[in-house]
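Student: I have a structure open and some questions about it. Can we go through it together?
Tutor: Go ahead.

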Amino acid sequence: MRTFFLYFLLILGAYLCQTVLYPIFVVSELRVDLFLVLLVHFSFSLQRSKALVMALFLGLLMDVGLPLKGLVYPLIYFGVALLASMLWQNLNLHSRRYQAFFLGLCTLFEGVGVRTILVLQDAGFAETSHFLVVLATRTITAALVGPLLLAGLERLDQWLLHLGVFRESQEA
Amino acid sequence: MPVTSQTRKLIIPILIILLALSLISANLHSRENMSFFESLVVGITSPIQKVVRGIIGGIGEVWRGYFYLVGTHQENEALKRELQKLKLQVNRYREADLANQRLRALLNFKKSIATPLLPAELVAFDPSGWFQTILIDKGSSDGVAQDMAVVSAEGLMGRVIGVSNHHAKVLLILDPNSAVDALIQRSRVRGVLVGLGRHRCLLKYVQRNEDVQVGDRVISSGMGGVFPKGLLLGTVQEVVRGSSGLFQRVEVEPAANFSKLEEVMVVIQPPPEEPRLKGARKRQK
C-alpha cells in the first residue's frame, strides 16, 4: 500500500510538472518526458507484468490531453516498457552511458510514433524541418538529463528502502 | 501438443500486435466526449493543477509587483500617450460602427445578436509537449459543446475538441492539427490558417498573384462551419513568393497571447452550418 502511494505521488508529481510547470518554464524543445523516465525506471525495478500495467496507466494519463484518436501513448509506452524490461535482462543497462543511449532512443521512438499516427490519421502535422529540430533536441536532452533523473530515482528507492518504506523484495 | 519455448516466443509478440491493433481500431471513433477514464483523471487532478497554478501565479505577482518595477514610470508615460491615441481611434470606430448599424437596418439585414461568452479558466496544458491543447474548467454542464470557438480579448484561441461534465479540451490554433478558414481583412483574400506549433501560424493556399502584405489583419471567414465570422486571428508577419509554385507562403502571428494564457472565453453558440452540408443532407434525404 505504501509503495502504491509513493508511486502515485511520483506519477502525480510528474503529471503536474508536465501539465502545469513545463509549459510555463521549459521550452518545448528541451522537455524531457518524465513519464518516459519513470516508465524506464519501473521497467528496470519492477517485474515485467507490473511494468506493463504501469505503462498502460501512464499512457492513459498522457492520452488525456491529446487531440489524437486511439490509444496512442499506452501503445508507445507499452512498447518501451517491454523493450526496457527485456533489454535490462540481456544488455548492460546498469551503465549510465547505455541508459543515455536507451532513453534517447525511446524519445526518438516516441516522436516518430506520434508523427506516424498523425500521418496515418491524416491529421495536420508540423512542418518536417521543425519536427526534426524538436525531435533531435528532445532526443539529446533526454540522453543527457534522463540518466541523471534515473539515478535520482534509484537513490530515492535506496533511501526509502533504508527507511523501511520499501520491502526488500521490491528492490530485488 | 506441448507448447515449446520458441512457439511461445512467437505467440506473445503476435498477441501483443493484435491487441495493439484492436485497441487502435476500437478507439478510432470520434472522441467528442471524454472517456470515463479521462473524466476521472481530469476530475482528480484539476483541483491540484489549479492550486499549483495559483501558487505559481502568486509568486509571479509578487515578482512583478515588487521586484520588477524598473522603468515603470517611463512605461507608464508611454502607455498614457498610447491610450490617448487609442481613445481617438475608438471614437472613430464607434462612429463607423453606428454608421454600419444604420446601414444594416436600412438594408433589412438580420439584426446581429451579441454572442454569449462563457468565461473559463485554464487548468492544464497537453502533457506530451507534442501538441498545443489546453484543458479549461467549463464543461457540458455549463453549456460547452464540441466545436465551440474559444477566444480571448485579443482574438481567436481555438476550438473545443472534447467535453466532460465540468471540463473541456481545447485545440489551440497553434497546433498543426488546427485549420481555420480565414480572410485577409483588407483585400478579402481567402486561405486556410494552420498552426506551425511554435507561436506562429501559416496561411495556406493563398495564390501567388493575390494581394497580401506584411501587417495585414487575418480574420475568420465563417466558412469552415466551426468559427463565427470576423474573429481576429492574427497579423501577417512574413510573405514569401518563391520563384515557382502556385501559392505564396504567408506566415501569421496569432493575435492571442498564448504565452500568458490565464482566462479564456467560450463562444456559446452552435457553429454555423455550412450551406454545402445542408445541400448534401437534402440530397441524402
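Student: What does Ser140(B) touch, leaving out residues up to four places away in sequence?
Tutor: Ser140(B) touches Val163(B), Ser164(B) and Asn165(B). Contact here means heavy atoms within 4.5 Å. This is a predicted model: local features need pLDDT of at least 70, side-chain atom pairs count only at pLDDT 80 or more, and totals for chains, interfaces and linings use all residues. Residues are numbered from 1 along each chain as its sequence is written, chains are lettered from A and ligands numbered from 1 in the order in which they are written, and side-chain values use heavy atoms, with hydrogens and water left out.

Student: How many residues apart along the chain are Ser140(B) and Ser164(B)?
Tutor: They are 24 residues apart, and their C-alpha atoms are separated by 6.1 Å.

Student: Where is Ser140(B) found?
Tutor: In the loop between strand 2 (133-136) and strand 3 (149-151) of chain B. Helices (H or I, at least four residues) and strands (E, at least two) are DSSP runs, numbered from the N terminus. Ser140(B) has a relative accessible area of 38%, so the residue counts as partly exposed; buried means under 20%, exposed over 50%, and partly exposed in between (1.4 Å probe, protein chains only).

Student: New topic. How many residues does the contact take from chain B and from chain A?
Tutor: It takes 38 residues from chain B and 44 residues from chain A. The area buried between the two chains is about 3600 Å², and carbon and sulfur atoms give 73% of that. Buried area is the accessible area (1.4 Å probe) that two parts lose on being put together, summed over both.

Student: Which three residues supply more than any other three of the area that chain B buries against chain A?
Tutor: Pro127(B), Trp130(B) and Phe131(B), with 21% of that area.

Student: Which element of chain B gives the most to the side that touches chain A?
Tutor: Helix 2 of chain B, with 10 residues.

Student: And helix 2 of chain A: how many of its residues are buried?
Tutor: 12 of its 12 residues are buried, including Leu34(A), His41(A) and Ser45(A).
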